[in-house]
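Hi,

Here is the structure I promised to pass on.

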Amino acid sequence: MFDQARTLDLAQRSNEVYVQPYPLTAAIGHKTDESVSDSTTKLQSVTEEDKITAAAAQRPGSKQKCFFCGNNAHARRFCPAKDASCHNCVKYSAVDRVFIDKETTRLLTEGIIEPSMSPWRAQVLVTSNERHKKRLVIDYSQTINRYTELDAYPFPNINQMVSDIAKYKVYITLDLRSAYRQIPLREHEKKYTAFEANGSLYQFRLVPFGVTNGAACFQRIIDRLVTENNLEAVFVYIDNITIGGMDQNEHDENLRKTSADI
């Protein structure tokens with residue numbers, strides 16, 4: 001799910017070169033020697049790595065782009081997007097802080113999250129619905145979602161699905177509880193889901209809500225389960241499953257098989 005972000009980390013560890021549209025010396029706070037032409041700009045107080053970076057940027061035909069900000073050649077540490085963390089920290093009310101503590105404790109107890117030492121840090125938010133029921137959500141818009149390549153797996157066409165269901169006389173719709181959180185993350189992917197909550201850093205052990213490809217990942221898995229188990233009269237749209245039958249007996253049999261296989 002986070003292959004592109006993993007590439008980002010590997011590039012950082014191997015000191016890969018990235019690019020910027022302005023002179024390298026300007027990026028590190030030094031002035032260039034104006035007596036020298038642009039083509040022979042001197043590098044003042046820079047490391048060997050910086051010199052290699054600048055050379056790569058000026059290489060004819062080079063099309064390298066910064067993985068983090070999309071500009072032309074610069075070293076990782078000079079990238080304006082090098083710190084992939086949310087710095088616009090939200091101020092919480094006393095009631096919200098208590099709610100955050102309760103939710104993180106519950107998630108830890110249920111094995112959904114765990115303490116983290118990740119370099120990534122998303123912001124936790126508290127929202128409420130029309131019934132004023134609070135919900136803990138993670139804002140990944142400033143962290144992993146900025147660097148995740150979109151999974152274009154298609155979702156079912158709602159109109160077509162409704163037409164297919166309409167031919168059955170009996171049907172039932174199931175809403176799966178915490179759907180994404182039934183899919184485990186691979187060990188090396190967990191760090192990308194890290195978030196801060198009341199001064200502590202946690203990461204998910206299961207696919208969290210809010211990541212770019214969470215819905216596509218779940219739809220692909222559930223579609224595969226339906227196909228591999230040869231389930232009939234079963235229609236899935238993310239975490240909503242509708243099971244039909246031409247009569248009560250057929251419906252009950254399809255429901256029994258679906259419950260056993262999914």
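Let me start with Lys190, which is buried at 7% relative accessibility (buried means under 20% relative accessible area, exposed over 50%, partly exposed in between, with a 1.4 Å probe and protein chains only). Its side chain meets that of Glu187 in a salt bridge, 3.0 Å from N to O; by salt bridge I mean a side-chain nitrogen of Lys or Arg within 4 Å of a carboxyl oxygen of Asp or Glu. Glu187, in contrast, counts as exposed at 57%. Through shared partners, salt bridges join Glu114, Glu187, Lys190 and Arg205 into one network.

Before going on, some housekeeping. This is a predicted model, where local features need pLDDT of at least 70 and side-chain atom pairs count only at pLDDT 80 or more, while totals for chains, interfaces and linings use all residues. Residues are numbered from 1 along each chain as its sequence is written, and side-chain values use heavy atoms, with hydrogens and water left out.

Back to the salt bridges: the count comes to 11. One of them pairs Asp96 with Lys134, with the closest N and O atoms 2.9 Å apart. Asp96 sits in helix H4 and Lys134 in strand E5, so this pair ties together parts that are 38 residues apart in sequence (helices, H or I of at least four residues, and strands, E of at least two, are DSSP runs numbered from the N terminus). Asp96 is buried at 15%, and Lys134 is partly exposed at 34%.

Now the core. The largest nonpolar core has 37 residues, and Val124, Tyr140, Phe195 and Phe204 touch the most other members. (Such a core is a set of buried Ala, Val, Leu, Ile, Met, Phe, Trp, Tyr and Cys residues joined through side-chain atoms within 4.5 Å.) Among the elements that supply at least two residues each are H4, E4, H6 and E10. H6 gives the largest share, five residues.

The loop between H6 and E9 is worth a look too. Asn230 lies there, with a positive phi near 55 degrees although this residue is not glycine, and Asn230 is exposed at 54%. Ala233 is in that loop and also has phi near 55 degrees, but Ala233 is buried at 11%.

Finally, Pro154, in the loop between E5 and H5, is exposed at 57%.

Cheers
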